[in-house]
Amino acid sequence: MTLLQFLRQARRVHHQFISAGPELYRLRPEFVTALWSSTNFPALKNEEKFENTQHSAGDFLREHILTVADFSQSLQDQRVLKQILTEATLVDWNALPCPSRNDKGFGSLTGLAGVSFRALGCIDHHVDEGYMPTADELPRNQPLIIQPGPGSCASLIVRELQRQTLWADNTVEMVQVAKLALSAILIDTSNLTAEGKVTDVDREAVQSLRNQIEAPQEVSTTQYKWDLEGFYGGIVDAKKNSLDLLTVDEVLDRDYKDWTEKSQSSGQNVKIGFCSSVKPIRWIVQKAGTPEEFLKSARSFAASADKDLDVLVVMTAFTAKDGQFCRELFIGVARENEAALEGAKAFVEQTSSQLGLIDWSPLDAEDIPELTGDAFSPLNADSPLWRRLWVQKNAAGSRKQVAPLLRTAVARL
């Protein structure tokens, strides 16, 4: 595996059912902005230059990015009808969504029924799912790093590549790679300011990358002054505005993960889906129309064939106009399932104080009179299905912390 192949996996495209192209640009403009900002100053080779527009970037993405949908289409085009086995290094996750029941490190992806994967290595900053084999069972020099704590998985990747002396010399290309890696770390850690998410691993990676980027370069293009704040600000703005053209379903699906847990007493399976949003709940509700319409959309999303959820969680994280970083948490039982209901209630009882869950009130300072106070009562009810909405005062409690707490509450029933 080459260095660039390794780094590309660090920013895995989450919209696995979308082919690389203009539609991917619409769904993830901040991804393209980071790529454009990293490769245009200094510029790519003339034949590889692209503008940060849906059409031009769409062509560039189609040529250089492979999504699951593209992989699936390629197999169809080649008329590959038999089951195939491919090898992969897992980055920013440590378990495939459809793991093998018998062999550790083996599994498959939704949407690729004809492909089985063998995980040769892993670099991740989430809770260990117990999916990977031991280091002794992996090929030589393949990484097995599952280290919860750092705010960005890219920080762990940079550290490991440097440790293995795979991070190349200070060439123009490597400056571009360094910027792309830096963009991931800065976004994941809110420019190293996110409370409870920043560790020395992140700080050291950022300093190392900045040193590389800001070192004098011998380039044929016009010299420029590196503007870190402008670099970060442009990507943040693209991310903040990235939801404007999406449907409610696309907003929920944009940053989505799910897990299935089994209640130890009843043996019932509970599938839990987590949606993360950089816009406040009122913004999503306003896009849906009303709180009732939001509930309808959320339940339809949860019941869709590729989700099939028992519990839907929506976590929002945004910066209010006064500069305060805010979090909101919505949990809704999506269908009749006693273990799901009791697990959600147990989660609230066990973690309410830890997460600082308080009655919801608007934090976004927007003037939306019809979406205040009692208007949100439909999001706090016991029937026909239990659901609750809170302000989460513990701003350090991201999905990486909250998801394991809910999963544990369900599993221990």
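A residue is called buried here when its relative accessible area is under 20%, exposed when over 50% and partly exposed in between, with a 1.4 Å probe and protein chains only. The model is predicted, so local features need pLDDT of at least 70 and side-chain atom pairs count only at pLDDT 80 or more, while totals for chains, interfaces and linings use all residues. Residues are numbered from 1 along each chain as its sequence is written, and side-chain values use heavy atoms, with hydrogens and water left out.

**Aromatic pairs**

Rings of Phe, Tyr and Trp (its six-membered ring) pair if their centres lie within 6.5 Å; planes under 30 degrees apart are stacked, over 60 edge-to-face, and the rest tilted. The count by this rule is 5 aromatic pairs. Select W226 and F231: the ring centres are 5.0 Å apart and the planes stand at 50 degrees, so this pair is tilted. W226 has a relative accessible area of 16% and is buried; F231, at 6%, is buried too.

F294 belongs to helix α12 (residues 291-303) and F330 to strand β9 (residues 325-333), so the pair links parts of the chain 36 residues apart. Helices (H or I, at least four residues) and strands (E, at least two) are DSSP runs numbered from the N terminus. Both F294 and F330 are buried.

**Nonpolar cores**

A nonpolar core is a set of buried Ala, Val, Leu, Ile, Met, Phe, Trp, Tyr and Cys residues joined through side-chain atoms within 4.5 Å. Select W167, L182 and L209, the residues with the most contacts inside the largest core, which has 31 residues. Two or more residues each come from α6 (153-163), α7 (172-188), α8 (200-214) and α9 (228-240). Colour α7 to see the largest share, 9 residues. Apart from this core lies another, of 28 residues, including Y256, I281, V285 and L309.

**W283**

Finish at W283 in helix α11 (residues 281-288). W283 is buried, with a relative accessible area of 18%. Leaving aside neighbours within four places in sequence, W283 is in contact (heavy atoms within 4.5 Å) with L243, D244 and V251. D364 is 81 residues from W283 in sequence, and their C-alpha atoms are 8.8 Å apart.
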